[in-house]
Amino acid sequence: MSTRDTVIPVGRWRNLGIIAHVDAGKTTLTERLLYKTGTIHRTGEVHDGATTTDHMELERERGITIGAAAVRANWTPEGGQPHRLTLIDTPGHIDFAIEVERSLRVLDGAVVVFSGVAGVQPQSETVWHQARRHGVPLMAFVNKMDRPGADFDATVAQMRDKLGANPWVVALPVVEGEHIVGLVDLVAERTWRFDDAGQPEVHGWNDDERSAHAGARADLVASIADRDEALAEAWLAEQPIDAVALTAALRRGTLAGLGQPVLPGSAFRNVGIEPLLDAFVAYLPSPVDRPAVLAHTDKGDTMIAPDAGAPLAALVFKVINQSHGPLAFVRIYAGRLNVGDAVWRSGTDRVQRIGRLAVVRADDTEAVESAEAGDIVAIAGWKDVATGETLSDSHHRVRLETIQAQPAVLSWRLSPERSADLLKLGNGLARLAQEDPSFRVGTDPDTGETLVWGMGELHLEVMVERLRREWGVQVRTGSPRVAYQETPAKASGAIEGKLAKQTGGSGQYARVVLSVSPVEGEANRYEDRTTGGVIPKAFQAAVEKGVHSALLEGPRGYPVVGTEIVVLDGQAHAVDSNEMAFHRAAQIAVKAALDVTGTVLLEPVMRVSVSAPGTAVGDVLGDLQRRGGQIVNLTDRQERTEIEADVALAQLDGYSTALRSLSQGRASATVAFHAYRPAAVQEPVRRTA
């Protein structure tokens, strides 16, 4: 680590993400945070394409964040000690949800940014629930309080109603005219005011201010005391609650997930940035405050505590390919990582040496010699590394829980405009798939054409544009295809799969009996109930692999999901049985069972969220209903109406163009994957028995 970082102990580190709905102001906020911490010396604007974390050319042109970017900064609260912040600015668009997912998998805390004008928006709900699922402590920043129509109280109320949150308002906005000019700090009983340049002036409350804000502070204390025994005792005893006691109770409650501190501000006007930085330090956890993580070993499951003196356990959570080679971002959960160390990689099941380590600031890197538990660093030069790999001590091998990507829902056909670019196209697609687990490359079994699968049109547009810019490949795109799935229509009963071939010399023999049944959800379940060694232990893994291989393509030609496969019986031959034979017998049994059960075609259904002016609501609703959409929710917001509907992806072709036409360009929409449901039209079976 650099000299600057070694003086800051791990207890004063904060690894935190900035997450929100698209256009809530995350990247602008990150830019102001970096400026206020002295990490950068001038701020760039999103609309100018000059921000630090949106460093990709495509991000600057489109004004959106595509990839999560990590930056490191130091912050010292007034009268406090220096703290180290690792900030990750994440995308707000649903098509890049994998960036949020893998960031939350490795972060210790997060700040959710809400627009004070728009309030809690659809993607706000998505990222909030993602964070809660990972157990990440949260706080909130209500941004854009300088905009006309901004309503801090309404946004806090929506947090309760829409998110099931328990917001603890630790600061109130000071508004003069139409602009926010300061914050009332209810915890420390002081007021922040900011001049036109964003410079703060802080003063303690006078008697009038204390009288004016006493009720709001009492409400805050009561709300926290309801969840904190130590504070409750002091409050019930009518003891004065000072800033130290209140801050400690807020921190305990935030770390336990019992509530979320909320502050207002305006990133664009530099209002509220210093109080937010202080709140990061005061309320969000350090790596040593987080619970131990689950890991798997050959001897069973174990828990990994954040201990630098323990054997190494680290997770690769992101891979990017730069002009000078690949970078693998790693979160270290235990132990130390040093340049020159030989570590075991779960993805390749081999030991590999660390050639170079770096701390990353967006597109810039700083070489370091070592890192320890709690660090987020990058390993340079590993060409075959993949997201979700575990790195561990070669003598204490463990596997951490990997990172799950949502299923891709849309595909395009790709072909190079020049046949000479076919190799470059293949290399480019391989690198993009390595970087993004939600981007998948395949081949059409009927035509042999290249297919790319992604989370939506924007996702695929960005990938195609990156092929053109970064690999110099001009490509043609074909018509979109929906990612259908299949699920068994009923249970099969016991079905036999048998392979018996004799060709002179060693033959091929295996018999597998199994059953297939439909289950709730998309995951497939596998269970081996055989007894007495009818399938020798050496061949059991081959049977399981054969089963999963057969489920990749069902009778209709699509992946099979929502299936429980139970192996009931089997038979081996002393000479002619081998892994390949049992792999093939399992495939035969599964395909035969699916022919018995038949399958139901499933299609992806999207949650469409539309914000439309009142004059266009009727036309928008009519169009959604013509597309077979089911209206989920209608909310009036003064001059606009928020519409939520579930619509099959196959019916959304050209929707953005139609919406602009229906509303004269005044309506906007976000489309997010919601669930797989039985398709309205069941395609005929493509494969014969």
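**Helix packing, strands and salt bridges in a predicted model**

Biologist: At what angle do the axes of helix α2 (residues 26–36) and helix α10 (residues 273–283) cross?
Modeller: In this predicted model, the axes of α2 and α10 come within 10 Å of each other. Angles from 65 to 115 degrees count as roughly perpendicular, and α2 is roughly perpendicular to α10. The crossing angle is roughly 85°.

Biologist: Which residues of α10 make the contact with α2?
Modeller: From α2, the contact uses L29, R32, L33 and K36. By class, the contact has six nonpolar, no polar and three charged residues. The α10 side consists of I273, E274, L276, L277 and F280.

Biologist: Is strand β8 (residues 179–185) largely enclosed or open, and how many of its residues are buried?
Modeller: Strand β7 (residues 171–176) pairs with β8 in the antiparallel sense over six bridges, and V175 stands opposite I180. Strand β9 (residues 190–194) also pairs with β8 in the antiparallel sense, over four bridges. β8 is largely enclosed by the rest of the structure, because the number of its seven residues that are buried is six.

Biologist: Which residue takes a positive phi in the hairpin of β8 and β9?
Modeller: The hairpin of β7 and β8 has two residues between its strands, and G177 in that turn has a positive phi of about 70°. In the hairpin of β8 and β9, four residues lie between the strands. There, the residue with a positive phi, near 55°, is E189.

Biologist: Why is one side of β13 (300–304) and of β24 (399–400) left without a neighbour in the sheet?
Modeller: The open sheet has three strands in the order β13-β12-β24, with antiparallel pairing. β13 and β24 stand at its edges, so each has a single partner strand. For β13, five bridges form the antiparallel link to strand β12.

Biologist: How far apart in sequence are the parts tied together by E389 and R345?
Modeller: E389 and R345 form a salt bridge, with the closest N and O atoms 2.9 Å apart. E389 lies in the loop between β22 (376–380) and β23 (390–393), whereas R345 lies in strand β17 (residues 342–345). The pair therefore ties together parts separated in sequence by 44 residues.

Definitions and conventions. Residues numbered from 1 in each chain as written. Predicted model: local features only at pLDDT ≥ 70, side-chain atom pairs only at ≥ 80, totals over all residues. Heavy atoms only, no water. Pairing = 2+ DSSP bridges. Buried < 20%, exposed > 50% of the residue type's maximum accessible area, 1.4 Å probe, protein only. Axes fitted to C-alpha atoms, helices over the stretch in contact; angles between N-to-C directions. Parallel < 35°, antiparallel > 145°, perpendicular 65-115°, else oblique. Contact = heavy atoms within 4.5 Å. Nonpolar A, V, L, I, M, F, W, Y, C, P; charged D, E, K, R; others polar. Salt bridge = Lys/Arg side-chain N within 4 Å of Asp/Glu carboxyl O.
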